[in-house]
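This report describes a protein chain through its secondary structure, its salt bridges and the packing of its helices. Please keep the sequence and the structure at hand while reading.

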Amino acid sequence: MKVVTPTRGLAGLLIALALAALTLLSAGAPRAGAVTSVSTIAAALRESPVYVDPAASGQLSRADANALEKQIKDADKPLFIAVLPEGYPKQDLFTDLRAATGVTGLYAIRLGDEFSARADSAVMSNAAVRNLVTSVSDEPNARIQLDDFTDRALVNMGGSAPNSWGSTGGDGGVSAAGLITAGAVLVAGSAGAYTLVRRNRRRHENEQRAALERLRVVVDEDITAFGEELDRLDFHPAEAGADDAMRADYERALDAYDKAKTYMAQARRPEDVRAVTEAVEDGRFSLTQLAARREHRPMPERRPPCFFDPRHGPSVADATWTPPGGASREVPVCAADRTRLADGRDPVIREVDTDYGRRPYWDAGPAYGPWAGGYFGGGLLPGLLVGTLLGSMMATPSYATDYGSGYGDFGGGGYEGGDVSGADFDAGDFGGFGGGGDFGGGGGDFGGGF
């Protein structure tokens, strides 16, 4: 009997897609006793953040997996969790899974009683991954261990969830609908991947615009306060006693004021604000010099502004300050705050609006990093911000991806968390299951064994 295969028209396309899906189903569904392929696990993770292998279903119930799934999706973070049976091949597991999934993120695997994780550096630093894995490594119960790891990871990682994740639910394995979807993605090819990347980029741009608008309020307050200082000084270049040095100070202050307004009007991202606060800080020091010349006082030393609120002006000394629940550190302070600290009183701290009410700027979110960097410079910030929310954010590579500079003024770039990068990732991020080939530890490079 001759078989006629349609090759044209809608009917032919539908049959071709159905055949492709059936091929995927037959290839992806593991036979009894067979080891689930990495490709099958990756296909499941592209559809949902949690995969529980059928042979490891006793480690994590469907209800517990669903709860983890919902938590990760609600947090909108690219965290991928796989629960695999004891004896699953470890060699190159993280590297192969990351390449097969093709999405930038943090990957955690529970393999029998062992646990480890790896991440793209745009999402979390190797040191942070190692610390998180170590913090849960002694927990024998899979549910508790994965719950604790997820809770801690979600508040420390960068990036956004991939758009390929659907609604919460499923059975933790590979569904027929998921494999048919995978077949459709294969048909769409690179055009579909490009659409996902563009969608993630647009979402990231929207987040940056929202951060800039919140930051704009604080920067406008700084510029306004600087303008009021110019007015209070009441200097006139032609006044009696004015000399060329005074006029030069005044001119620099006016130029800085104009630059700050221009830079802020042109700002499109939070990192653009650094140039604004650099200009304000420079102009404020010029006013301090002018005031000293007019009053025939010694010229002031060039110092950073007051840590507690840069609007207080240049600092006059360093003082020991211990934030609530934190470690003591030396911070630059203005004369008024130095007196308050010496008297055992609280300094006057710059607070800003957040979703949780008024907070000190160092606990208000990552957008304030460039704002603080313009005032204090990258070299001074680590000691000032250690132990604060902003300090913790700025010390990670994911901060550089979002806001352009961290403690070392490093730049971002490459794929962000949740982007479809395919096999384009740094294998140095995805090492074996621990430094020496063991399954503990986490972090390290993405190459080698588990």
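## Overall architecture

The protein chain contains 14 helices and eight strands, where helices (H or I, at least four residues) and strands (E, at least two) are DSSP runs numbered from the N terminus. The model is predicted, so that local features need pLDDT of at least 70 and side-chain atom pairs count only at pLDDT 80 or more, while totals for chains, interfaces and linings use all residues. Residues are numbered from 1 along each chain as its sequence is written, and side-chain values use heavy atoms, with hydrogens and water left out.

Of the 450 residues in the chain, 45% are buried; buried means under 20% relative accessible area, exposed over 50%, and partly exposed in between (1.4 Å probe, protein chains only). Among the contacts with a separation of 6 or more, 65% are made by residues 24 or more positions apart, a contact being heavy atoms within 4.5 Å.

## Salt bridges around Arg350

Across the whole structure, a search finds 26 salt bridges, each defined as a side-chain nitrogen of Lys or Arg within 4 Å of a carboxyl oxygen of Asp or Glu. One of them joins Arg350 to Asp222, with the closest N and O atoms 2.8 Å apart. This pair links distant parts of the chain, since Arg350 lies in the loop between helix H11 (335–342) and strand S7 (351–354), whereas Asp222 belongs to helix H8 (residues 190–233), 128 residues apart. Arg350 also meets Asp309 in a salt bridge (3.3 Å, N to O), and here too distant parts of the chain are linked, as Asp309 sits in the loop between H10 and S5, 41 residues apart from Arg350.

Leaving aside neighbours within four places in sequence, Asp222 is in contact with Thr277, Arg284, Arg311, Arg350, Trp371 and Tyr375.

## A salt bridge at Asp318

Asp318 and Arg303 form a further salt bridge, in which the closest N and O atoms are 2.7 Å apart. Asp318 is partly exposed, because its relative accessible area is 49%, whereas Arg303, with a relative accessible area of 13%, is buried.

## Helix H6 and its partners

Two packed helices are described by the angle between their axes and the distance between the axes. The axes of helix H5 (residues 126–136) and helix H6 (residues 142–154) come within 9 Å and cross at roughly 150°; axes are lines fitted to C-alpha atoms, for helices over the stretch in contact, and angles run from 0 to 180 degrees between N-to-C directions. H5 is therefore roughly antiparallel to H6, given that angles under 35 degrees count as roughly parallel, over 145 as roughly antiparallel, 65 to 115 as roughly perpendicular and the rest as oblique. The contact is made by Leu132, Val133, Ser135 and Val136 of H5 and by Gln145, Asp148, Phe149, Arg152 and Ala153 of H6. Val136 counts as buried, at 3% relative accessibility, and, not counting residues up to four places away in sequence, touches Phe115, Gln145, Asp148, Phe149 and Arg152.

With helix H3 (residues 62–75), the axis of H6 comes within 11 Å and crosses at roughly 0°, and the two helices are therefore roughly parallel to each other. On the H3 side the contact involves Asp64, Leu68, Gln71, Ile72 and Ala75, and on the H6 side Arg143, Leu146, Asp147, Thr150, Asp151 and Leu154.

## The buried residues of helix H4

In helix H4 (residues 93–101), the residues Leu93, Phe94, Thr95, Leu97, Arg98 and Thr101 are buried. These buried residues pack against helix H2 (38–47) and against the strands S2 (79–84), S3 (106–111) and S4 (114–119). Gly102 follows H4 and has a positive phi, near 75°.
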